[in-house]
Amino acid sequence: MTAPAITAHQIRYDLRVFLRDPAARVFTLVMPVLLLLLYCSIFGNSKFSDGGQAIGGRDYFVPRIIAQGITGAALTNLVYIVVTKRENGALKRRRATPVRAWMLITSEVATSILTAVAIVAALVLISWFAYGVHLTAAQTAEVAGATLLGTAAMCALGFAVTTFIPTAESAGPGVTLVTFLLFAISGVYFPETLLPGWVRDVAQVFPVRPLALGVQNAYAPASGHPGHIALQFLELAAWGVGGILIASRRFSWIPGAELEH
């Protein structure tokens with residue numbers, strides 16, 4: 001088999017494993033949809049002040065839930081899967097097969113990207129048809145760009161995070177707690193106006209808030225300054241580069257190797 005054929009086979013395998021995992025389906029695919037339905041039903045007709053502009057509840061929460069879905073697919077789920085495979089020896093065994101290291105990494109990243117795109121598409125369509133939140137062609141392209149950049153950055157961070165998690169048992173709870181805190185301070189679960197200014201400043205340092213604001217600008221262009229949006233995308237790219245650098249130096253295919261760092 002050629003390298004592309006082996007890689008495609010590996011991607012199909014990883015997708016099948018993911019879709020057969022009930023917990024992964026619920027927390028990665030179903031949870032963002034439930035949150036979207038909940039928040040749009042409760043706050044859909046509300047108005048929030050964001051960046052000095054009035055923004056509707058749906059235009060606020062739809063992009064925030066999209067950011068949550070991307071992070072869940074490309075960071076939370078990837079960390080849990082990679083750490084589990086590493087600690088049960090699956091990664092080490094696959095290295096002894098014709099599947100090369102870059103093929104395994106490409107497969108995990110491709111699986112995360114396909115999952116994130118599916119989540120974003122579902123959220124966009126539900127908000128469009130159920131709540132009348134429409135996008136122009138230009139806005140759709142901006143959401144797609146933010147999705148791809150955000151997913152790539154979160155995947156890079158996901159591989160970096162795996163180098164700090166020693167056991168599969170701690171992967172799920174640990175990364176879930178961290179991402180929950182990031183969602184909370186990034187205005188995903190409640191309006192940012194309820195947060196102190198210093199909390200928003202802290203959140204801006206981490207990747208979730210820049211991703212959320214980048215997607216939000218597509219739904220409510222008046223809520224963000226073009227220069228700020230460019231800065232947020234640069235911050236996402238910087239996080240991605242940082243994740244790649246950390247993972248390239250620390251990532252291991254051998255179980256228990258993270259305890260030695």
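I began with the largest cavity, which holds about 60 Å³ of space. I am working on a predicted model, where local features need pLDDT of at least 70 and side-chain atom pairs count only at pLDDT 80 or more, while totals for chains, interfaces and linings use all residues. Residues are numbered from 1 along each chain as its sequence is written, and side-chain values use heavy atoms, with hydrogens and water left out.

**Entry 1: terms.** I noted that rolling a probe the size of a water molecule over the atoms shows where empty space is left. On a 1 Å grid over the protein atoms alone, a cavity is a set of points where a 1.4 Å probe fits but cannot get out. A pocket is an open set with protein on both sides within 12 Å along at least five of seven lines, and lining residues have an atom within 4 Å of a point. Grid points are joined across faces, edges and corners, and a volume is the space filled by probe spheres set on the points.

**Entry 2: cavities.** How many cavities of 30 Å³ or more does a search of the whole structure find? I found two. Around the largest cavity I listed V82, L91, L104, I105, E108, F159, F251 and W253. Helix 5 (residues 101–131) provides the largest share of this lining, three residues. Helices here are DSSP runs (H or I, at least four residues), numbered from the N terminus. I sorted the lining by class and got seven nonpolar, no polar and one charged residues. Here Ala, Val, Leu, Ile, Met, Phe, Trp, Tyr, Cys and Pro count as nonpolar, Asp, Glu, Lys and Arg as charged, and the others, Gly among them, as polar.

The second largest cavity has about 40 Å³ of space, and I see N77, L78, I81, E108, T111 and S112 around it. Helix 3 (57–87) and helix 5 are the elements that give two or more residues to this lining. Its classes are two nonpolar, three polar and one charged.

**Entry 3: helix 5 against helix 6.** Next I checked how helix 5 packs on helix 6 (residues 137–162): the angle is about 140 degrees and the axes are 10 Å apart. Helix 5 is therefore oblique to helix 6; angles under 35 degrees count as roughly parallel, over 145 as roughly antiparallel, 65 to 115 as roughly perpendicular and the rest as oblique. Axes are lines fitted to C-alpha atoms, for helices over the stretch in contact, and angles run from 0 to 180 degrees between N-to-C directions.

Which residues make the contact (heavy atoms within 4.5 Å)? From helix 5 I noted I105, E108, V109, S112, I113, A116 and V120, and from helix 6 V143, T147, T151, C155 and F159. By class, this contact has eight nonpolar, three polar and one charged residues.

**Entry 4: pockets.** The largest pocket has a volume of about 710 Å³. Of its 31 lining residues, F27, T28, T76, N77 and Y80 lie nearest its centre. Which helix gives the most to this lining? I found helix 3, with eight residues. The lining divides into 15 nonpolar, eleven polar and five charged.

The second largest pocket comes to about 350 Å³. I counted 16 lining residues, with L75, L157, V161, V178 and L182 nearest the centre. Helix 7 gives the most here, six residues, and the classes are 13 nonpolar, three polar and no charged.

Note on methods
Contact = heavy atoms within 4.5 Å.
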